[in-house]
Amino acid sequence: MDAIKIQLPHTVQPRAENANDGAVSRTMQPIVTGTSVVAFKYKDGIMMAADTLASYGSLARFRSEKRLMAVGDNTLVGVSGDLSDFQYMQHVLEDLETRELCMDDDQTLGTKSVYKYISNIMYNRRTKVDPLWNSYVVAGLDHDEKFLGFVDLYGTRYQSPTIATGFGAHLAQPILRKRVEGREDEIEEEEALAILDDCMRVLFYRDARSFNKLRRAKVTAQGVEISEPYSLETNWDFAESIVGYGG
Amino acid sequence: MFRNQYDNDASTWSPQGRIFQVEYASEAVKQGSAVVGLRSKDHVVLVAVKRSPNELASYQKKIVRIDDHMGIAMAGLTSDARVLSNYLRTEAMRSKMVYGRPLPVGRAVNMIGDRAQINTLEYGRRPYGVGLLVIGYDDAGPHLLEFNPSGIVSEYYAYSIGARSQSARTNLERNFEQFQDLSLQELVTQGLRALRDTLQQGKQLDTMNTSIGFVGKDTKFTMLDGEATQQYLDLIDEGARHAGGRCDGD
Amino acid sequence: MDFAQFQQAPVSVPTEHHSHGNRWDPYVDNGGTSLAIAGEDFVVVASDTRQSNGYSINSRYSPKAFELSNGSVLATTGYHADALKLVEHIEQRAQLYFHKHDRAMNVSAMAQMLSGILYSKRFFPYYVFPILSGLDAKGKGAVYTYDPVGNMERVNYQAYGSASALVQPFLDSQVGFKNQRNADPSRLLERPQAVKLAIDAFTGATERDIHTGDWLDLFIIDQDGIHQTKRELKHD
């Protein structure tokens, strides 16, 4: 009889001792994953979007996961990659927020500090060769200055007016570079929403791990606002004309 | 030989509710030469008189840089202050490393306040024999705080500690309401005037014994010693005819 | 002896990256190019600001040359996360030095320290190729180059990074006067020539190397301090 094998997320997997060489081995792959995050600067602040799907390989396993998170009053964090690692990070960031609140001295952690803190965690974990399998997009207004930064499992970080993770880096980023780059102080909210939806629609059409139930969020001088899930209008008529590959 | 039987250790109360060891430590602060701190809405300044143990010795350092946004001035046992400033410097670096931001000034002083408090709690420990005025600039603006051996931390518009510092405080109490809108230069000058009041008869502020430190909006922590203090010393008397007169007139 | 056995044996070619079994590789190459040219009383340092990951451009403006607290400039290439950590590491040590000695580090002291910092991670290196530039004790332009594990050399010019194979030979010819008759290889450039060559080197590198481009951070270090300018490179 075949034994049933259950694969645990790598973070909770016991560190197996290899009988052959005695070396410690770790599972080095994400298990339950979220796909792209798309974000860019516009006139009033930063827009961000991510769908609500958590995939288990190619299985659409959980369909209403939240991948956008507020840290403090004016920082927005989006995540792609392993969602159990993200939940760990959520706890870390909530602890950070609580510690800051308990200082009770009217000083708050700015977006840049949250970004630095997340970056340190990511870089330190990569240095232990036990990474958190995520990409983080951190957005906010820090001292009235728009901030949009990225950090991944290598601890690689950069700031840019437009950021897209995962498949978004290939499918959404070209759209953002065309429609946003150089205009990030001009784009009104209405246009920003249109750009965001266009990016997410393209991703839904082409990324097989995406989902047409998504949240968008904005961070402005008024703070962070994360929407309820919504769907995009799509049109699959073109599918009729596709011949071959099962068409 | 002993003043009483309750002062052998900092962790022993007297029946009157006093901790004598802490009070003795506070006496050490009063023996150090005076330092004065004062703040406007954009800047905060420290001025101090340095002492030299004898003609042949150099002057004891009174002001120490902690970071670009923070500095301290000390009165009392300078070696104790060195331990505290090393700790503050380490914590300031840590804040930059972990959060990418300058250590908030109030938190910094509370951290050393907590260390001083532990010394009043555990058997076999000695309270720090030094008082500090800490100045700094953070998101909440300029700050002036006092640290003392009891572990009490207080924030001030203007304050002074050390020998004969009551004279300086009298001066500051008379004038502090005008400090808010002063320029950095005027603030330093006001500080030096208050500091001058702490000097013994016949002693003068000069480039040898004066230390100045300041920090503020768009101004990194800066220390001035020696010849660099001359330009401010020149203003003490000159300004007294104008600014000083105005303050007294109020 | 069975020679056929040797001929059929799999050939292993040493490559720059050695993979250790299935282990996750904790390094990435973020591309980009840096150079420095020393003059008699100045140094020109230039780095492009593109940060890439494979064929993707992460950011068009992610500086990899850093002004340090002692008035020197550290230009990097390689793995950006390590470069940022390295700069943090250096600055922290420089601050300790400043507090201890009441004086900023001079460039030769920092150069030696940097070598030590890199070597201290000999068995898990910072994957960074640093170029440290400043003025030496006599006010002469000083450029120190390193490999990731701390080998150090003082040179008159250096190019590192994804376009180094293009830029270094260009500098060898135009700055080092190598392989030329009647030329003095030890001659140092005047400031305008050095700046012009640095810019030309990057214009050319941007054309041929996909990892180099977007913006050029240009530093001129002289007696008066550091003058920084930002110039546009092609964004394609």
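Helix axes are taken here as lines fitted to C-alpha atoms over the stretch in contact, with angles running from 0 to 180 degrees between N-to-C directions. In the predicted model, helix α2 (residues 111-127) of chain A packs on helix α2 (residues 78-99) of chain B at an angle of about 80°, the two axes being 7 Å apart. Because angles of 65 to 115 degrees count as roughly perpendicular, α2(A) and α2(B) are assigned to that class. On the side of α2(A), the contact is formed by A:Lys112, A:Ser113, A:Lys116, A:Tyr117 and A:Asn120; α2(B) contributes B:Lys96, B:Met97, B:Val98 and B:Tyr99. Classified by residue type, the contact of α2(A) with α2(B) comprises 4 nonpolar, 2 polar and 3 charged residues.

The interface between chain A and chain B as a whole involves 14 residues from chain A and 11 residues from chain B. About 980 Å² is buried between chain A and chain B, with 38% of this area on carbon and sulfur atoms. Of the area that chain A buries against chain B, 44% is supplied by A:Gln107, A:Ser113 and A:Lys116, more than by any other three residues. A:Ser113 and A:Lys116 also belong to the contact of α2(A) with α2(B).

Between chain A and chain B, 3 salt bridges are counted. A salt bridge links B:Arg107 to A:Glu100, with the closest N and O atoms 2.9 Å apart. Over all chains, the structure holds 38 salt bridges.

A:Tyr123, A:Arg126 and A:Tyr154 account for 31% of the area that chain A buries against chain C, more than any other three residues. The number of salt bridges between chain A and chain C is 3. A:Arg126, one of the residues named for its share of the buried area, forms a salt bridge with C:Asp82, the closest N and O atoms being 3.2 Å apart.

Confidence was considered for the complex and for individual chains. The predictor assigns the complex an ipTM of 0.89 and a pTM of 0.90. Chain B has a mean pLDDT of 93, with 94% of its residues at 70 or more. Within chain B, the pLDDT is below 50 over residues 241-250, a stretch that has 11 contacts in the model beyond near neighbours in sequence. For chain C the average pLDDT is 93, and 91% of the residues score at least 70. Residues 3-18 of chain C have a pLDDT below 50 and, beyond near neighbours in sequence, 2 contacts in the model.

Conventions:
Residues numbered from 1 in each chain as written. Chains lettered and ligands numbered in written order. Predicted model: local features only at pLDDT ≥ 70, side-chain atom pairs only at ≥ 80, totals over all residues. Heavy atoms only, no water. Helix = DSSP H or I, 4+ residues; strand = E, 2+ residues; numbered from the N terminus. Parallel < 35°, antiparallel > 145°, perpendicular 65-115°, else oblique. Contact = heavy atoms within 4.5 Å. Nonpolar A, V, L, I, M, F, W, Y, C, P; charged D, E, K, R; others polar. pLDDT = per-residue confidence, 0-100. Buried area = accessible area lost by both parts, 1.4 Å probe. Salt bridge = Lys/Arg side-chain N within 4 Å of Asp/Glu carboxyl O.
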